[in-house]
Structure formats: C-alpha cells, structure tokens
Amino acid sequence: MLRFLVRRVLQAIPTLLILSILVFAWLRSLPGGPAAALLGDKATPEKIASLNHVLGLDQPIILQYFKFLGRALTGDFGNSLVSAQPVMGEIGTFLPATIELGLSAMIIAIVLGVPFGYIAARFRGGVPDNVIIVLTLVGVAVPVFFLGYAMQDLLAAPLGLPSQGRQAPGIDATSITNFAILDGIMTSEWDAVWDAIKHLILPAFALATIPLAVITRITRASVLDVFNEDFLRTANSKGLTQSVIRRRHVLRNALLPVVTTIGLQTGALLGGAVLTERVFNFRGLGFLLAEGIERRDYPRLQALLLFGALVYVLVNMLVDISYGIIDPRVRVR
Amino acid sequence: MQQLRLTRTRRAALIGFAGVLAVSLTACAESKRDEAGGGGTGGTMVFGDTGNPKMFDPAFNDDGETFRITRQMLDTLIQNKQGTAELEPSLATKWEPSNDGKTWTFTLKQGVKFSDGTAFDASAVCYNFDRWYNMKGAAAQSQMIYYGDVFEGFAHNEGDASGDPVYKSCEAKDPSTAVINLNKAKGAFPAAFTLPSFAMQSPTALKQYDADKVTQSGDSFTYSDYAYKHVTGTGPFKFDSWDQGKGEITLVRNDSSTEPAKLDKLVFKVIPDENARKQALKAGDIQGYDFPAPQDYGLLRNEGEQVLIRPSFNVLYLGINQSGNPKLKDPRVRQALAYGINREQFVKSKLAEGSEVATEFVPKAISGYTDDVTKYPYDPAKAKQLLAEAGASNLTLKFYYPTEVTRPYMPNPADTFTSISEDLKNIGITIQPVAEPWNGGYKDDVQKFGKQDLHLLGWTGDYNDAGNFVGTFFGREKKEFGFNNPELFNALAQADGSPAGDAHAKAYQNVNKMIMDYLPAIPIAYPTPAIVVGPKIKGVVASPLTDERFNNVTIG
C-alpha cells in the first residue's frame with residue numbers, strides 16, 4: 001500500500017506541473033487581460049499598456065512562467081488583483097465555506113442517491129423506477145444557476161430559508177476555523193449553528209442535484225448488474241434471507257462503481273460550486289473563482305485552478321485507496 | 001457483526017435525512033423579515049455592493065465600489081451638492097482661483113478633527129497635496145489613475161507616469177488658508193477637487209502606518225496596513241472592520257466629526273449577483289443596493305421598496321471609425337447614420353424611466369452643455385438621400401457590440417445593438433454584427449486596434465467638467481474614431497486650459513457645437529441608473545455622480 005501511495009504522489013508532480021503550464025498559457029491567451037479589467041471603464045489603450053508594463057505582463061510568456069513557478073514553489077502565489085490580499089490567505093479564508101457546502105451536497109447526494117438507485121433497480125420497469133429515471137434526467141439537464149434562481153424565487157420565502165450568504169447579518173458569530181457550523185458548536189453558539197445550517201440548505205440542495213442524479217443512475221445500473229450475477233443464485237440456494245443477500249452481496253458488490261462516481265463527482269463539485277456560490281452569494285472558492293474570471297485576476301485564478309487540480313488528484317488517490325478497502329481483490333493486484 | 005455495522009449505517013443515514021427534513025420544516029416557521037436597527041437615529045444599515053473594494057486609500061483607487069465606502073469616511077475640500085453635480089463647500093468653505101487660474105486659495109472650515117483626534121488644517125491639506133505629488137515608486141504611481149489624469153505628472157515620474165506636472169506647490173498661509181500653486185491653469189478645477197481620490201487624510205495616520213509603501217510582487221501589488229485597516233478622515237463614519245470571508249465592511253459613526261452620521265453602523269455587503277441582491281433586500285438582509293435592473297423597478301416598487309432614479313451623468317454613443325470604411329470619412333454618411341436612427345423610440349422602449357435622447361456628448365447636468373447644437377431628428381428619407389448623394393447607398397458596415405456586460409449607460413448591449421442595427425438596415429445599410437465579451441477583447445478591438453466601423457460604448461462622468469467627457473473622447477487622434485481634426489483637438493486643449501467660470505463653460509459650449517457639426521460619433525442617450533433602498537430607509541438622495549452619502553440616513 002505504501003509503495004502504491006508513493007507512486008501516486010510521484011505521478012502527481014508532473015501532472016501538476018503540466019497543469020500549471022496549461023493554466024498559465026490559457027490565462028494569458030485570453031483576450032482582455034487584468035489591466036483592462038482593473039482599470040474598468042476608464043481604461044484607455046495607453047493606460048492598459050503601461051499597467052501591463054508595470055505588472056510585467058509585456059514580458060515574454062516563458063519568462064513570466066518561470067518567475068511565477070519560482071515564486072509558487074516557495075508558496076508565494078502573489079496578491080489578488082481584485083482584493084489586493086495574498087491569494088494563499090484568500091484560499092485559507094474561503095476554503096471552509098466550499099468544504100461545508102460541498103460536503104453537505106455530497107451527503108445529500110449519497111444519502112438520497114444510493115437508496116433511490118437501489119429502489120429503482122429493485123422495481124425495474126415499475127412506477128418507482130420510471131419516476132426516479134425521469135427525475136434524474138431532469139436533475140442532470142437543469143442548469144445549476146437556473147435551479148438556484150428558481151429555488152430562491154419559489155422556495156426561499158415560503159420555507160423561510162435565507163437565499164443568500166452564509167450567515168444572517170445580525171448573527172455575530174465567533175470565527176475560529178471559518179467553518180461556520182463547527183465554530184458555532186465549539187463556542188456553543190447554537191443560534192449561529194442553526195443560522196449556518198439554514199443558510200446551507202438551498203445552495204446545498206442546488207449543488208447536490210447533479211451528483212444526486214448521477215449517483216442514483218450509477219447505483220441503479222450497478223445494482224442491476226449484480227442482480228444478474230451467478231453468485232446471487234448461490235446465495236439464494238444457500239438459503240440466506242433476502243435482506244442479508246441485499247446488504248451483503250448486492251449492495252457491497254454494487255458499491256465499487258458508485259464509489260468511483262462519488263470520487264469523480266466530488267472533484268466536479270468545484271465546477272458546480274462556482275455557479276452555486278455565485279447565485280447564493282455563498283462566499284467560498286467558487287465565488288472567488290467567478291469573481292477572478294470576471295476581473296481577469298491572474299494570480300488568484302492560477303492559484304485556484306492549481307488548487308482545484310490538486311484536490312482532484314487527491315480525491316482520485318482516495319478513491320483508489322477506497323477500492324482496496326471495498327474490494328480486497330484490488331489490493332492483491 | 002457485519003449486520004450490526006450496516007444497521008448503524010442505515011440508522012445514521014435515516015437520522016441524517018430526517019435531520020435535513022426537520023431543518024427544512026422548522027425553518028418554515030421562522031419569520032421572513034428581520035429588520036435591522038431601530039427608529040430615528042441609531043441602528044444599522046446594510047447596503048449591498050456589486051463588487052469588492054480594492055482597499056481604502058482613495059489615492060490609489062479609481063473604482064466606484066471603493067469610493068462608495070471611502071466617501072463615507074473621508075471628506076474632500078469641495079463636494080457635490082446632494083442630488084446634483086453642483087459644487088458646494090465641504091472641508092473648504094470658500095475657494096478662489098487667481099485671474100490666470102494658476103493659484104487656488106482655499107479657506108478651510110475650522111474646528112475640524114480627523115477621527116484619530118488630530119487637527120485638520122492648512123498644513124494637513126498641504127501634506128496631502130505634497131504626498132500625491134511626491135509619491136515614489138512605479139507601483140504606487142501606476143495606481144494613482146486620477147492624480148495622473150488631473151495633475152498630469154509627478155515630481156519624479158516613474159514607471160509609466162509621464163508628462164509635466166500641473167501641481168507646483170502648496171502653502172499653509174495660516175491654519176485655515178491653504179494656497180495651491182499650479183504650473184498652468186487646468187479646466188478640470190475646481191470640479192476635480194470633488195473626486196474621492198483627492199479626499200483629505202490624516203497626515204499622522206498616513207505616516208504612522210507607512211501609507212505610501214506600495215510594492216509590486218510578481219504581477220500584483222501590496223499596500224501597507226493603512227490602506228486595509230487604518231484609513232483616517234474627517235467624515236461622518238470611521239472604519240471598523242473588513243471581514244473578507246463574509247465580504248462585509250463595517251463602518252461606525254465618527255463621533256469626532258463635525259457632522260457625525262445618524263446611523264450607529266453602516267455595513268457594506270458584497271453581493272455580485274444582481275438577483276441575489278434583490279433576494280437579500282426582499283428578505284431584509286440588506287436595506288439597499290445599487291444598479292437594480294430596469295425591468296425590476298416595477299416589481300421592487302410593488303413590494304414597497306424605494307427605487308431612486310439618478311439624474312443622468314453618462315452618455316451612450318454609437319462610435320464611428322472613419323479609418324475603417326473610407327465612406328465614413330464623408331460627413332454626409334455620418335449624418336445619414338444620425339438621421340437614420342430612431343433614438344426617441346429606442347429610449348422609450350429599451351431604457352429605464354427618466355432616460356433621455358442625447359443631443360450631444362455631455363449630459364445636461366454638466367457645465368458646458370448647450371441646447372444650441374445641430375440636431376439630427378429621426379428622418380429615414382433624408383438619411384437615404386444623404387447616402388445616395390455620397391454614393392454610399394450599398395454600404396456594408398462591421399458593427400461591434402459587447403456581451404457579458406451591463407454598464408450604467410448600457411443596461412442591455414444586445415438590445416441596443418438590435419434596435420440600432422434594425423434602423424440602419426431600414427436605410428439600406430448592410431450590417432455585419434460582431435459580438436464580443438466585454439472582458440474578452442471588446443475594448444481592445446474597438447479602442448486599441450480600431451477593427452470596427454461602428455461600435456457601442458459610453459462613459460460615466462467622474463466630476464462636473466465637460467472635458468471629462470468630450471476631452472476624453474475627441475481630444476486627440478484615437479484608433480477608436482480614426483480621424484484627425486487638428487481644429488477640434490486645439491479647441492479642446494484650449495477649453496481645458498481656460499480658467500474656471502463662464503469662459504470655461506462657453507469654451508466647451510463652442511466645442512460641443514463643433515463636435516455636433518463634425519459628428520465624429522453619434523450620441524444616443526443619457527440613461528439613468530438607479531439605487532434602491534428599503535421602505536424604512538430615509539435620507540438617501542440619489543446622486544448623478546453615484547455620490548450618495550449616508551450621513552443623514554435614518555431607519556424609520
């Protein structure tokens with residue numbers, strides 16, 4: 001297992017390096033550029049050119065890249081052009097919100113998706129199956145921002161749920177870790193915990209829609225595959241009860257592709273979070289990223305995209321490890 | 001054992017699901033609206049901002065989001081009368097130029113203190129002027145956009161700064177008299193003294209927190225702690241905190257101000273998404289926000305919110321690039337375009353209430369505006385005739401317009417494009433549309449490269465001076481318009497150098513007439529952006545310059 005881990009870590013280094021080149025080259029190939037975005041309406045071509053000169057953006061791109069890499073290796077990703085704050089500090093400040101939101105969305109997606117998928121498979125062709133299939137299709141097809149706006153307009157007021165932000169303005173909660181719920185629990189500020197949970201509900205459900213639909217469909221397909229396996233006949237003939245067969249044989253064997261999907265969906269959550277956080281003014285990394293793209297904030301975008309890539313690589317490693325736990329055959333290989 | 005573990009998992013899942021449901025249901029019982037603050041004086045107003053401020057030292061800033069916050073904390077020598085672009089006393093009770101316009105004498109209000117307890121007097125004024133002029137370092141100077149524009153240069157130009165400085169020196173004759181000496185007269189004065197960038201800051205605090213230290217790290221800038229936490233002025237509010245995670249900037253009443261605010265606290269909450277701002281207002285999380293979409297005005301009013309329309313201080317124009325298609329050099333073709341556009345109809349059907357058809361490139365509130373210019377009322381027959389006379393009946397034009405953007409002068413660029421291009425098609429012009437994202441090369445293509453024949457753009461004024469509009473557009477040869485008219489360029493330079501007062505206004509009136517005869521582009525409309533506040537908020541006066549000061553705000 002250790003060798004496997006070391007190999008994966010070593011593989012991650014060139015992956016991140018290549019990604020850094022791609023991100024760097026892509027950002028610099030975009031028309032517009034940070035100087036124009038920074039100077040706003042008052043930007044004249046002359047002002048843009050001179051600010052580009054001051055920022056060093058008129059130097060050869062290779063030189064710019066190596067300067068960036070040199071600083072990045074020491075952990076210095078520069079300051080955001082929008083907020084003038086160190087980018088690494090910003091990531092630290094905003095990451096907890098995204099983890100809170102992403103985790104809630106994944107919990108919703110798994111807690112609802114796996115049973116829905118199982119039920120659909122179990123009643124294949126029946127009413128529950130058809131209803132679930134239609135709902136998952138809708139879930140995948142509806143864009144997150146549309147769903148977000150619809151939830152804000154239609155659900156927020158009737159359910160009494162806040163439609164934007166992470167915290168009500170009146171709540172002045174103590175901030176220790178920047179995880180709103182955790183901070184509230186640590187300081188026994190139960191109003192703040194409750195407030196944070198309320199603020200999470202709508203964005204978490206909006207963000208959960210796509211992973212929920214995907215997990216439901218994968219679970220359904222996977223369970224159906226297992227239903228057709230020979231070993232179920234053996235289990236049946238051994239006289240095991242149906243509930244034991246379902247849990248021990250069907251679910252356990254059907255879980256492998258589901259875990260892969262969960263891993264991939266977790267990585268993809270950052271993409272969904274960009275829109276969800278923006279629509280709900282939920283100030284996490286997605287919010288930072290959206291603002292960074294609008295304002296062509298190179299330092300922030302470079303750091304965030306590489307951070308996203310790092311998360312993706314890490315999640316994939318975790319998925320591989322969890323394979324070994326769920327299916328011992330993988331470990332032996 | 002296996003069985004037990006699965007049971008636990010299932011139980012946990014059920015509990016989790018039940019929890020989510022319970023949260024949803026209990027939340028239904030919660031009250032929808034928690035109004036902040038009490039009645040009369042005191043209380044807190046939360047205002048929804050469209051974007052992050054950069055930091056709070058206004059000398060290094062040029063964006064509206066930052067200025068909205070700094071103008072609540074820092075006063076300028078002269079200010080705009082609330083609701084208008086007229087000048088009125090602020091820290092200076094009187095200001096007088098010399099005959100040649102090269103010396104400005106400011107008589108200062110007495111008994112004023114900065115929020116750190118130090119006195120505001122003539123030496124503080126001189127300290128601020130000298131600070132800007134003597135600013136060192138390419139990074140710092142490159143951030144001082146307005147100083148560079150208005151004062152044209154520094155004691156020692158560094159990096160991209162160039163030009164001969166307008167500023168010469170400042171003398172503190174006595175504590176309440178500051179005299180600014182200039183190397184040449186500048187038409188932008190005195191209006192430019194109202195710019196938030198030229199607000200007075202405490203010399204003690206500036207020195208204590210090393211405010212001038214702006215450094216560049218890679219492709220970004222770092223400012224001193226002063227700019228983030230210690231900005232110190234004489235205004236009705238003072239800085240309290242900036243929570244980056246929550247996107248909230250909190251100001252508290254400055255009790256040492258000669259006119260402290262009525263509110264206890266003023267919070268700015270950054271909510272970039274317009275719909276989210278609307279939702280936050282409806283929920284009572286914020287008590288006001290900027291730039292509601294015109295299509296929401298009715299809805300917002302129906303819900304009891306106050307939509308305050310700002311008098312127009314901007315202009316939307318159709319740019320004509322004469323170096324694109326040679327036919328555009330013919331004045332008859334440019335006139336035909338102007339006669340061919342039904343601006344009345346466009347303004348009525350596509351722009352927010354209060355918007356008007358533009359007859360020249362400066363809005364009515366600006367000194368230098370004149371009604372006595374050549375006008376081009378909608379007349380498609382005349383347009384066709386002019387095109388025929390110019391031998392341009394089969395004209396094909398590349399028409400650039402921006403996407404992914406909303407500007408105060410152009411709430412919906414695609415709509416604007418469609419409306420104008422339909423009119424132009426009606427007079428026989430073939431339009432080749434080119435849509436480009438605002439931050440994705442649009443401005444580069446039209447302003448730097450001049451790839452277009454026609455384009456849409458506009459301008460929001462910074463201060464009450466016609467030069468800030470027409471000088472910016474037509475003061476010199478530019479790729480955007482592709483013409484060289486030395487007569488016009490000279491007239492603009494002379495108007496800019498004419499001393500303040502009637503002569504200055506007259507000079508710009510003449511320039512405006514020249515421009516509308518020459519017609520280098522077509523002014524389309526003076527749109528009116530709005531600001532919206534909740535039903536209980538009193539004392540917000542919509543400003544043409546988006547210069548709303550919240551010192552008199554109370555929550556009823």
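**The interface and a covered strand**

The contact, taken as heavy atoms within 4.5 Å, draws on 65 residues from chain A and 64 residues from chain B. This is a predicted model, in which local features need pLDDT of at least 70, side-chain atom pairs count only at pLDDT 80 or more, and totals for chains, interfaces and linings use all residues. Residues are numbered from 1 along each chain as its sequence is written, chains are lettered from A and ligands numbered from 1 in the order in which they are written, and side-chain values use heavy atoms, with hydrogens and water left out.

Between them, chain A and chain B bury about 5700 Å², 51% of it on carbon and sulfur atoms; buried area here is the accessible area (1.4 Å probe) that two parts lose on being put together, summed over both. On the side of chain A that touches chain B, the elements giving two or more residues include α3 (45-55), α5 (87-122) and α9 (190-227) of chain A, and α3(A) gives the most, with 8 residues. Helices (H or I, at least four residues) and strands (E, at least two) are DSSP runs, numbered from the N terminus.

Within chain B, strand β7 (residues 177-182) has 6 of its 6 residues buried, that is, under 20% relative accessible area (1.4 Å probe, protein chains only). Strand β5 (residues 103-108) of chain B runs antiparallel to β7(B), joined by 5 bridges, whereas β6 (residues 167-174) of chain B pairs with β7(B) in the antiparallel sense over 6 bridges, pairing requiring at least two DSSP bridges. A hairpin of 2 residues links β6(B) to β7(B).

Note on methods:
Buried means under 20% relative accessible area, exposed over 50%, partly exposed in between (1.4 Å probe, protein chains only).
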